[in-house]
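Look at the model below. Then work through the terms used to describe it.

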Amino acid sequence: MPVPPPAGEPHSADLLPRAPRGFHGRTAELAALTRAAAGEAPVCLVTGPAGVGKTALALQWAHRSPALFPDGRLFADLRGFSEAGEPALIDVLREFLLALGVPPRRVPESVSAAAALFRSLTDRRGLLVVLDNARDSATVRPLLPGGADCVTLVTSRHRLEGLIASDAARPVPLDTLPADDGIALLSGVLGEERVLAEPVAARRLAELCGGLPLALRVTAARLAGRPHWTLAAFAGELADERGRLACLDVDDTGVAAALRLTVQHLPPETLHQLARLGHHPGGHVDPYTAAALAGTGPAVAAAALERLAAAHLVTETAPGRWILHDLVRLYARDLDPAAGREALVGVLDHYIATALAAADTAEPGGEPCFVLPDDYRRPAAVREFTGRPEAMRWLAAEREDLTLAAVAARDAGLDDRAWRIILLQWPQVVHRVRDSWSPLLELALESARAGKDAYAESRVLTLLG
């Protein structure tokens with residue numbers, strides 16, 4: 001048995017797990033990692049939601065150029081999002097030091113001393129350190145090597161902005177896969193022949209999985225074990241939102257399980273906000289919409305949205321505007337299914353209040369469209385508009401979500417909200433009269449007639465005319 005060299009003597013170590021199988025795409029992200037790894041003692045930070053393939057990307061990149069790291073490659077799973085719990089930092093440092101040739105008896109017992117020895121040993125080495133599944137910045141810092149030629153690659157479901165601030169970590173955000181790469185992933189497991197036989201169904205599967213690699217791999221695993229199933233049949237099962245998450249679960253792996261491990265670290269108020277976001281009928285939320293869903297104020301909702309964004313459970317698409325991935329939305333809805341109607345009424349009344357403010361600002365002095373419903377609940381705060389241009393921009397930007405809200409209201413039997421939300425868009429209807437408003441106004445007419453509201457019916461017919 002070889003005798004390990006004494007501490008301080010160069011010693012090549014390799015703790016990397018094997019390269020991922022069936023890796024597809026990510027050309028831009030791999031190039032971004034290469035750029036981020038340039039420079040002095042870089043810390044590269046791969047972040048993204050659960051199941052998006054952060055570990056696979058990190059390992060793929062780490063295995064590509066072993067010559068860049070002549071003194072070895074270290075790896076530790078920090079299990080920041082695991083039911084098993086995080087390993088003790090001293091245990092991680094001990095494994096690193098042993099891999100670098102330190103005799104067991106010379107490994108310090110305290111974290112600070114072990115971290116200092118680790119930094120000293122790596123000071124003049126070219127080493128890669130991969131720290132996978134980090135939950136916070138504080139866990140990462142004692143594990144950073146000391147050498148200017150060392151590269152540290154961290155993966156996390158959290159943004160770890162503290163690590164960016166303290167150690168100039170260079171973020172490489174990871175998003176979902178484009179449809180073509182998702183189809184290629186399916187082909188890698190199922191075989192090209194089976195996928196090419198049903199190209200439309202394969203693309204539909206990639207879309208229903210939302211481009212999430214974990215969902216695509218579970219889908220491929222389920223189909224691989226059932227060669228008599230068609231891709232179209234499984235796409236039909238996934239199309240039913242009520243059972244989609246159950247379909248994306250196999251053995252001990254699944255989308256719901258991965259999300260649960262992220263959600264379990266959220267504070268109660270943030271978890272409450274996430275659960276209510278699952279009942280949002282629209283595609284985007286802002287702090288006012290989120291507050292209406294959760295029954296809070298915009299400031300509280302904004303803070304919760306920021307924490308959800310830091311955990312990659314929502315994505316900020318523009319300042320103050322967030323979206324949920326479809327699979328996250330389905331998971332969030334199941335967190336508190338009984339709150340669905342309450343959350344829906346809250347957000348519908350928010351849209352009525354905001355659209356009223358927009359219409360009054362865009363066309364001041366006009367005749368009121370209607371009286372408010374008897375059980376109307378005024379939101380804690382209503383957006384204010386500085387003038388007609390801002391009000392018209394809001395009505396234009398929210399048209400799709402207002403339409404979805406009206407449809408949800410009609411489906412829920414809340415006809416008194418449905419026609420009001422549609423009617424309040426009248427400044428946009430008049431301004432853009434040829435912009436395909438008839439189907440929406442027909443929905444308003446159905447709602448008015450269902451509620452036997454002759455006044456509402458007459459107002460909608462006027463706009464239709």
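**Terms and values**

Q: Why is I352 called buried?
A: Its relative accessible area is 0%. Buried means under 20%, exposed over 50%, and partly exposed in between (1.4 Å probe, protein chains only). So I352 counts as buried.

This is a predicted model: local features need pLDDT of at least 70, side-chain atom pairs count only at pLDDT 80 or more, and totals for chains, interfaces and linings use all residues. Residues are numbered from 1 along each chain as its sequence is written, and side-chain values use heavy atoms, with hydrogens and water left out.

Q: Which residues does I352 touch, not counting residues up to four places away in sequence?
A: They are F370, L372, Y376, R417, R420, I421 and L424. Contact means heavy atoms within 4.5 Å.

Q: Where does I352 lie?
A: I352 is in helix α18. Helices are DSSP runs (H or I, at least four residues), numbered from the N terminus.

Q: What angle do the axes of α18 and helix α19 (residues 388-397) make?
A: They cross at roughly 140° and come within 8 Å. Axes are lines fitted to C-alpha atoms, for helices over the stretch in contact, with angles from 0 to 180 degrees between N-to-C directions.

Q: What makes α18 oblique to α19?
A: Under 35 degrees is roughly parallel, over 145 roughly antiparallel, 65 to 115 roughly perpendicular, and the rest oblique. The axes cross at roughly 140°. Therefore α18 is oblique to α19.

Q: Which residues of α19 make the contact with α18?
A: R388, A391, M392, W394 and L395 do.

Definitions and conventions: Helix = DSSP H or I, 4+ residues; strand = E, 2+ residues; numbered from the N terminus.
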